[in-house]
Amino acid sequence: MINSTTQMSAIAAKEIRDAVHTHLLAILTGFLVLAAMVSLSVSAAALHAEYVSYIESRDLLLSLGKDASALVPPAFFPLKLMRGFVEHIEIIGAVLGIVLGYKAAAVERGHSTLALILTRPISRFTFLGGKVLGNVALIVIGLATTFSIGALALAIISGVGLGATDLLRILTVFGMASIYVSCFFLLGFIFTLNFKRMPTALLAAFAVWLALVLIAPQIGDTLDPDNQVAGGVFRTLGVPKPMEKEIIKSFATYETIRDGIEQASPAKHLERFSFAVLGIKDIYNGQPLADVVRDRMSDAWWLLATFAALVLALFLRPLNITRLTKE
Amino acid sequence: MTTAIRTEKLTKRYGDFTALQDLSLDIKQGEVFGFLGHNGAGKTTTVNILTTLLAPTSGSASICGHDIASESMKARERIGYVPENVRLYDTMTASANLAYFAKLSGVANPAQRITETLKLLDCPELADKKVGAMSKGLRQRIGLAQAILHRPDVLFLDEPTSGLDPLGIKTLRDLISRLNRGLGMTIFMNTHLISEVSRTCTSIAVLNHGRLAYTDTIAGVLKRFGNDKSLEDLYLSLTPEAAA
Amino acid sequence: MNDTPFSAFFLTLVPVTQSGFSLALRDGTIVLLAVMFFVMVLVSAYLGWSATETVNAIYAQAVPVLKAQGMQIPPNPVGDMPPLSLFRNMVTYVALLGALAALVLGHQTVSSDRKSGAFPLLLSRPISRVGLAVGKIVSVITLIAALLLLAATINVLTMLVLPGLSVTGAVWTGLIKFYAVSMLYMLALGLLGALCATVFRTESMSLLIPVTVWLALTFILPQVTANIGPMAALNPVSANLVAPDSKFFAATAMIFGPISIAESYRFLAASVLEIASGAGTTTTGVGAILSLIITNLVLAVAFIFSIHRFDGSRSDYRD
């Protein structure tokens with residue numbers, strides 16, 4: 001009997017070699033790095049502008065002989081600059097996953113290679129497993145590059161470097177982001193293996209991406225009672241914080257629906273988890289990593305469950321050879 | 001002689017359409033078997049079933065004694081397959097393509113086997129060429145190399161001469177007889193070209209609308225009908241709509 | 001080529017335009033995206049209604065609380081909401097689904113001909129290539145207009161059904177203006193799709209490239225020019241955000257502003273729907289309109305040129 005581990009690693013290795021060889025990995029990672037770097041440098045520039053205006057106001061007050069202690073200097077938490085970075089992973093990272101999934105199936109479809117592979121003593125499980133393994137490895141490589149460059153840039157921008165805990169937080173987000181992007185890889189892969197036409201599969205995957213990554217969180221955000229008026233309803237009305245909580249309580253059902261729509265979006269789970277871990281969400285800022293992760297574990301489970309469900313869907317569905325080998 | 005391929009009442013239906021009906025064949029080891037039929041007669045369906053790509057609706061089949069359903073992995077170890085219009089990975093070189101399939105087939109020493117195989121097929125110079133840049137004939141040669149890397153007992157060729165020029169057809173014919181005589185491979189060849197069958201094959205079968213219309217050795221056919229011309233007449237008389 | 005290029009132009013234009021319609025209606029993907037767009041138009045109407053209801057409810061609860069505290073009672077913010085702001089989510093859905101539908105529409109008008117192998121046949125006939133290209137553009141314009149007309153009908157019905165809205169002439173003008181700028185934005189993406197379908201060798205590449213451009217326009221450029229984060233870029237209210245006052249953003253806005261058409265669109269749409277004052281932003285209405293019009297013209301000329309230069313013997317268009 002032929003060793004299925006050897007076969008699986010041969011398939012996985014070929015996926016990686018292909019992506020490197022055709023520059024697909026470089027192109028996709030490059031786009032992601034570009035987006036991430038733009039967001040980091042823009043955030044840094046914005047923070048710098050804020051700081052400059054603080055200094056100017058302070059100097060103005062001091063030159064007028066007034067007390068400037070009432071002015072609060074802008075707080076600086078390097079990891080908070082990663083807000084746009086995480087959002088780009090949500091949006092563009094997912095596209096990267098879909099494109100890899102599409103490519104993994106497209107390279108076999110319409111060629112006779114799939115037929116050739118499946119007449120070799122190799123099980124469907126080994127074949128699909130090798131494909132998934134190779135592409136998840138590609139995703140990890142792409143994201144590791146993006147996160148490393150991002151962390152390096154952050155260390156340079158902040159001027160003080162990043163501590164071990166900061167790096168650990170970034171590493172945690174990187175892990176979750178890998179699972180998230182892998183979910184979209186599986187989506188693209190499953191669609192491209194099963195749709196009648198490949199371009200239709202690509203567009204259908206994009207439609208799901210639009211619905212889950214962009215529209216669901218946007219609807220959830222729009223339905224947020226406080227977001228109904230620019231600047232916030234409660235602020236406009238001048239309602240103090242404790243009363244705001246009291247009023248919100250009577251919108252429980254409404255809030256459940258809103259939350260339900262947001263829960264449907266894997267992007268939102270990645271965002272909630274990452275914003276908590278990186279301290280972008282104020283209530284988590286400065287809290288120990290372990291506590292934050294424990295508190296947001298449900299988001300991690302959601303992503304893992306989505307990943308597991310997609311893997312299951314991939315393995316349970318038989319391959320339609322007649323369709324897949326047709327030119 | 002032992003049996004290389006045996007099918008018993010093999011049937012494949014797609015909804016109401018019957019692609020293959022009760023096909024029973026017994027092909028001995030060392031034969032070059034020509035499977036004749038017009039387009040859509042069910043030849044490719046048969047090959048897809050025998051290469052374990054498709055499951056039959058009913059009936060059974062075995063390759064070198066291994067049932068294609070219950071022992072599909074064992075059966076796959078014994079076969080090689082060259083589909084019609086074989087296309088490997090265009091962006092990879094011939095040897096990279098072959099190395100990949102060698103690993104999937106469990107070949108022990110891939111590099112050495114690839115060199116040997118390309119030499120056997122008279123094309124060692126193709127090793128470092130990209131498959132995408134090759135002509136159809138050369139691409140098919142690499143497809144053939146892929147199919148025999150693991151030295152199978154049975155080789156399936158689906159319409160091997162389709163799209164080849166006369167020189168390409170002649171080269172292919174030589175290679176087939178080399179694989180058959182030199183390596184003792186049993187060859188199962190789908191075709192709709194009568195001229196091919198009479199020159200290359202040792203036995204034939206004619207498929208008409210999914211049913212076996214006729215089967216015999218070439219010697220038997222010639223004894224009964226005479227020369228090539230009558231083989232064509234035989235085919236047309238068995239498949240009247242092909243003549244229309 | 002025909003002796004009278006002018007008549008050849010029109011003889012080509014009409015059938016090309018007509019075939020454009022029938023091809024689009026038979027394309028499953030376009031129909032899917034169009035249906036998604038309409039669903040979201042309906043959702044947007046619901047969201048507009050729900051926003052008003054929610055704020056009313058919050059106000060009703062806040063008043064007694066504020067009274068009990070002896071605080072001043074502000075006016076209900078709903079009274080200050082302009083009627084068209086009801087449709088503020090339309091800006092997002094046009095920018096996402098509308099844009100993607102237009103892109104695919106423009107793409108398939110060329111790719112369906114290339115896939116079927118009709119292109120070499122078409123080009124071997126005595127037709128005007130410019131007529132062919134213009135015919136394609138006309139069919140794209142008409143199809144996008146039809147999509148928007150249906151969306152507008154849903155909006156108008158919503159306005160008429162919702163109680164308490166004072167629909168004035170200015171409101172109608174605003175709605176027409178909104179659909180005009182939406183048309184301009186969607187057309188730009190349609191033309192981009194058609195251009196890419198002509199230029200690239202494989203169907204997948206010719207889809208992925210314009211989608212990447214669209215991604216950059218929607219999510220990356222707004223951040224570069226105005227520090228609008230990728231997710232905030234989806235919120236029409238973000239048109240209100242003022243870019244930080246610094247040399248960096250002044251420079252980026254100058255360099256990238258003119259090509260940042262997604263931002264131009266959001267700015268224009270937000271101002272006509274009166275959800276943004278536009279005050280304080282670096283973008284100006286005239287500049288935004290100009291950038292949309294010029295982008296359309298450049299893309300249209302590039303598309304006509306690409307059809308004119310298209311190698312008719314190329315028949316290797318693959319998936």
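1. In chain C, 49% of the 319 residues count as buried. A buried residue has 20 or more other C-beta atoms within 10 Å of its own, the C-beta atoms being placed from the backbone. The model is predicted: local features need pLDDT of at least 70, side-chain atom pairs count only at pLDDT 80 or more, and totals for chains, interfaces and linings use all residues. Residues are numbered from 1 along each chain as its sequence is written, while chains are lettered from A and ligands numbered from 1 in the order in which they are written.

2. Chain C contains eleven helices and zero strands; these are DSSP runs numbered from the N terminus (helices: H or I, at least four residues; strands: E, at least two). Of the contacts in chain C between residues at least 6 apart in sequence, 84% join residues at least 24 apart, a contact requiring C-beta atoms, placed from the backbone, within 7 Å.

3. Chain A has 14 helices and zero strands. Its C-alpha trace spans about 85 × 45 × 35 Å along the principal axes. Of its 327 residues, 47% count as buried.

4. Between the two chains, 51 residues of chain C are in contact with 48 residues of chain A. On the chain C side, the elements giving two or more residues are helix H2 (28-68), helix H4 (88-116) and helix H8 (203-226). H2(C) gives the most, with 18 residues.

Methods. Buried ≥ 20, exposed ≤ 12 C-beta atoms within 10 Å, placed from the backbone.
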